[in-house]
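Please read this report with the model open beside it.

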Amino acid sequence: MPNTQNLTTVIVDDIPAALNMLKGDIERLHPELKIIGTASSVVETAKLLRKEQPDILFLDIMLGDGSGFDVLEIFPNLTSKIIFVTASDEFAIRAFKFAAIDYVLKPYSEEELSNAIKKAKGQIHPNKERLDILKDTLAAPNEKPTKISLHTLDKIIIVSMDEIIRCESDSNNTIFYLQDGQKIFVTKTLKYFSDMLSNYQFLRVHQSHLVNLQFIKAFIKTDGGYLLLKDKSTVPVSVRKKVEVMDILSSIHRK
């Protein structure tokens with residue numbers, strides 16, 4: 001990408017007021033970005049991107065004649081850094097987190113816009129698999145996502161949800177333990193993943209441990225109480241979580 005004094009950008013949004021607001025904010029707050037075009041539909045965006053590809057593309061998810069994903073399918077080799085723009089919606093936020101793709105929410109603050117631009121300058125263009133996770137999760141908000149993207153220090157790894165045995169806190173990071181014995185060190189807190197996965201058969205049983213319920217073999221009541229998992233590992237259960245853990249395991253057994 002060119003130096004920060006010479007960046008080009010295109011804004012795509014099908015709501016004129018939102019498009020004009022973002023355009024004005026970029027011109028006012030980020031003069032290092034040169035706006036070389038705007039569009040309000042998939043068709044307009046395609047015409048614009050056939051002429052030139054910007055360094056940064058602000059791409060609204062929902063457009064009148066399709067979606068931002070349609071734009072990316074038309075241009076599979078797009079080199080632009082993408083900042084997805086979406087309305088404040090809990091399902092949309094969750095989808096972006098599962099795909100590990102950055103976004104900016106409408107309405108956004110000046111700080112959020114600046115952070116999104118800063119991240120975009122250093123991000124890797126999301127590959128098809130991550131975009132598929134985002135698209136599938138947005139399309140079926142009430143279904144359990146099948147995959148999750150995990151940010152490590154040097155790459156992004158796609159993991160099946162059913163492969164995750166447990167997660168363990170490591171300071172402000174999280175270690176994922178997978179069924180094949182692999183351990184993945186992720187640069188997000190355990191609370192971040194606990195909030196994301198709590199509705200999908202994952203239970204925070206301890207301040208430092210998040211467990212996939214399908215891998216629990218037994219709850220051992222001795223030694224303060226702990227879980228024995230199917231990979232033969234053990235996980236402590238905090239005092240305040242014991243009743244909840246036993247209730248959940250009893251309900252699973254009844255099924």
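Two strands count as paired if DSSP finds at least two bridges between them. This is a predicted model.

**Strand pairing around β10**

By that rule, strand β10 (residues 164–170) pairs with strand β11 (residues 173–178), because six bridges join them. The two strands run antiparallel. Within this pairing, C167 has F176 of β11 as its bridge partner. Two residues separate the strands of this hairpin.

Strand β10 also pairs with strand β14 (residues 209–212). That pairing is antiparallel too, over three bridges. Here R166 has V211 of β14 as its bridge partner.

Most residues other than glycine have a negative phi, and most peptide bonds are trans. Where does S171 lie? S171 sits in the loop between β10 and β11. Its phi is positive, about 60°, although S171 is not a glycine. At 62% relative accessibility, S171 is exposed, since the cut-off for exposed is over 50%.

Q201 is another residue other than glycine with a positive phi, near 65°. Q201 lies in the loop between α7 (190–197) and β13 (202–206). Its relative accessible area is 40%, so Q201 is partly exposed.

A peptide bond also deserves a look. The bond from K106 to P107 is cis, with omega near -5°. P107 belongs to the loop between β7 (103–106) and α5 (110–122).

**L72 in helix α3**

Is L72 buried or exposed? L72 is buried, with a relative accessible area of 9%. This residue lies in helix α3 (residues 68–74). Leaving aside neighbours within four places in sequence, L72 is in contact with L59, L78, I82, F84 and L131. F219 is 147 residues away from L72 in sequence. The C-alpha atoms of L72 and F219 are 48 Å apart.

**Salt bridges**

How many salt bridges does a search of the whole structure find? The search finds 14. Three of them are set out here.

| Salt bridge | N to O distance |
|---|---|
| R28 and D25 | 3.1 Å |
| K128 and D132 | 2.8 Å |
| R166 and E168 | 3.3 Å |

R166 of the last pair is buried, with a relative accessible area of 9%. R166 is also the residue with V211 as its bridge partner in β14. Elsewhere, salt bridges that share partners join D13, D60 and K106 into one network.

R28 and D25 both lie in helix α1 (residues 16–29). They are three residues apart, about one turn of the helix. D25 has a relative accessible area of 14%. That makes D25 buried, because the cut-off is under 20%.

K128 and D132 both lie in helix α6 (residues 128–139). They are four residues apart, again about one turn of the helix. K128 is exposed, at 62% relative accessibility, whereas D132 is partly exposed, at 23%.

Definitions and conventions. Residues are numbered from 1 along each chain as its sequence is written. This is a predicted model: local features need pLDDT of at least 70, side-chain atom pairs count only at pLDDT 80 or more; totals for chains, interfaces and linings use all residues. Side-chain values use heavy atoms; hydrogens and water are left out. Buried means under 20% relative accessible area, exposed over 50%, partly exposed in between (1.4 Å probe, protein chains only). Contact means heavy atoms within 4.5 Å. A salt bridge is a side-chain nitrogen of Lys or Arg within 4 Å of a carboxyl oxygen of Asp or Glu.
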